[in-house]
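Have the structure open while you read.

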Amino acid sequence: MIEGPEGAGKSTLVRWLAGQLRAEGHHVTTVREPGGTPIAEAARKLALKSRHDRAFGAELFLFLAARADLVERVIRPALENGQVVIADRFGLSTLAYQVAGRGLPRADVEAALRVATGGLSPDLTLILDVPVTVGRERQRTAGKVKDRIEREDDTFHARVREAYRSAFGPGIAHIDASQSKKAVQDAAWREVAAITALSMRGA
Ligand code: Z5A
């Protein structure tokens, strides 16, 4: 999984990693959260584009509804087919945005997350770290229209960044994404190569 704050370079890295792995003969499925199935795309629209105000709990369950459908209809079948799955965001996004950002209770969100994923967890999570201002400037330069969450203020995004920076555990690696794309790709490839030696399924 590729994680990190807005504008960190996740989508760019997912495309590059998929190309590299395919060139090595792997079958690769890429997904972007929230989205990837009709239900998940509908939930994405509601979560990110709808003008209607919503409770933070409602926002949480829109992201989780999207994830549950994506896991069952796309990710699990791909893994069962022996494919490598690379996701642009997954469960850590929910902990960073809905727990650290919105202030929802962590234990409750973790329990709901387990329902959404059926307990599926990534072999490798690469967290791309950039200062909030750098990520925002990259999005601005790329001409991205801000979604509901991107319109939150800098203190919200600082909490999100800190949540990512303090995430540790098996299979989690941090990459300084304020470096050049090439340096980020090299760092990511070192992590992927290390895990490939064990098992590429579910990365
Ligand atoms: N969200 C949530 O709250 N809870 C959840 O559970 C989930 C999501 C799953 C999804 O937004 C929103 O949903 C997100 C969190 C929330 N909102 N926020 N914030 P999204 O999918 O539309 O977008 P994003 O992931 O936030 O942002 P992004 O702009 O797509 O960022 P990115 O994928 O990390 O960056 P990028 O598109 O690869 O690169 C952005 C630009 O920077 C582009 O022009 C690149 O060429 C450039 N770039 C990339 N790498 C570099 C380097 N290394 N140097 C210089 N320039 C670079």
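## Helix 2 against helix 3

In this predicted model, helix 2 and helix 3 pack at an angle of about 165°, and since angles over 145 degrees count as roughly antiparallel, the two helices are roughly antiparallel to each other. Their axes sit 8 Å apart, and the crossing is left-handed.

Who's touching whom? On the helix 2 side, the contact is made by Ile 39, Ala 40, Ala 43, Leu 46, Ala 47 and Leu 48, and they meet Leu 62, Phe 63, Ala 66 and Asp 69 of helix 3. Sorted by class, that's 9 nonpolar residues, no polar ones and 1 charged.

Asp 53 is exposed, as its relative accessible area is 71%.

The side chain of Asp 53 makes a polar contact with the side chain of Arg 148, at 3.5 Å. Along the chain these two are 95 residues apart, while their C-alpha atoms are separated by 10.0 Å.

## Helix 4 against helix 5

Next up are helix 4 (residues 91-101) and helix 5 (residues 106-117), whose axes come within 11 Å and cross at roughly 150°. That makes helix 4 roughly antiparallel to helix 5. Their crossing is right-handed.

From helix 4, Gly 91, Thr 94, Leu 95 and Val 99 meet Arg 106, Val 109, Glu 110 and Leu 113 in helix 5. By class, this contact has 4 nonpolar, 2 polar and 2 charged residues.

Methods:
Residues are numbered from 1 along each chain as its sequence is written. This is a predicted model: local features need pLDDT of at least 70, side-chain atom pairs count only at pLDDT 80 or more; totals for chains, interfaces and linings use all residues. Side-chain values use heavy atoms; hydrogens and water are left out. Axes are lines fitted to C-alpha atoms, for helices over the stretch in contact, and angles run from 0 to 180 degrees between N-to-C directions. Helices (H or I, at least four residues) and strands (E, at least two) are DSSP runs, numbered from the N terminus. Angles under 35 degrees count as roughly parallel, over 145 as roughly antiparallel, 65 to 115 as roughly perpendicular and the rest as oblique. A crossing is left-handed if the near helix is turned anticlockwise from the far one by less than a right angle, and right-handed if clockwise. Contact means heavy atoms within 4.5 Å. Ala, Val, Leu, Ile, Met, Phe, Trp, Tyr, Cys and Pro count as nonpolar, Asp, Glu, Lys and Arg as charged, and the others, Gly among them, as polar. Buried means under 20% relative accessible area, exposed over 50%, partly exposed in between (1.4 Å probe, protein chains only). A polar contact is a pair of N or O atoms within 3.5 Å; within protein, one must be able to donate a hydrogen and the other to accept it, and residues adjacent in sequence count only if both atoms are side-chain atoms.
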